[in-house]
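Open the model in your viewer and keep the selection tool at hand. The tour goes from one selection to the next.

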Amino acid sequence: MSNMISRVIAKRDVQGMIKALRAAKFEVTKDAGGMYRCEAGKHGVIFQAMPGRRGYLVRMLNDLFE
């Protein structure tokens, strides 16, 4: 499995990431608690974003947006 990283990222930047994932035809879901999640077949979860006070706590593949 590829390396995952975790970062606190501003809401505006996370929304841009979600738009980019959707534009690349990935399904991004949002649960009742406001957490976003994206899975990609054999890779499993490639992106998760949990809302917080200073933005979102994001867990994603290390090279997802490179």
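Helices (H or I, at least four residues) and strands (E, at least two) are DSSP runs, numbered from the N terminus. The model is predicted, so local features need pLDDT of at least 70 and side-chain atom pairs pLDDT 80 or more, while totals for chains, interfaces and linings use all residues. Residues are numbered from 1 along each chain as its sequence is written, and side-chain values use heavy atoms, without hydrogens and water.

Select Val8, in strand S1. Its relative accessibility is 49%, partly exposed (buried is under 20% relative accessible area, exposed over 50%, partly exposed in between; 1.4 Å probe, protein chains only).

Next, select Tyr36 and Tyr56, a tilted aromatic pair with 6.1 Å centre to centre and 55° between the planes. Rings of Phe, Tyr and Trp (its six-membered ring) pair if their centres lie within 6.5 Å; planes under 30 degrees apart are stacked, over 60 edge-to-face, the rest tilted. Tyr36 is in strand S3 and Tyr56 in strand S5, so the pair ties together parts 20 residues apart in sequence. Tyr36 is buried at 8%, and Tyr56 is buried at 8%.

Move to Phe47 and Phe65: the ring centres are 6.4 Å apart and the planes at 85°, so this pair is edge-to-face. Phe47 belongs to strand S4 and Phe65 to the segment after S5, 18 residues apart. Phe47 is buried at 0%; Phe65 is partly exposed at 35%.

Finish at Lys25, in the loop between H1 and strand S2 (28-30). Lys25 is not a glycine, yet has a positive phi of about 70°. Most residues other than glycine have a negative phi. Lys25 is exposed, at 75% relative accessible area.
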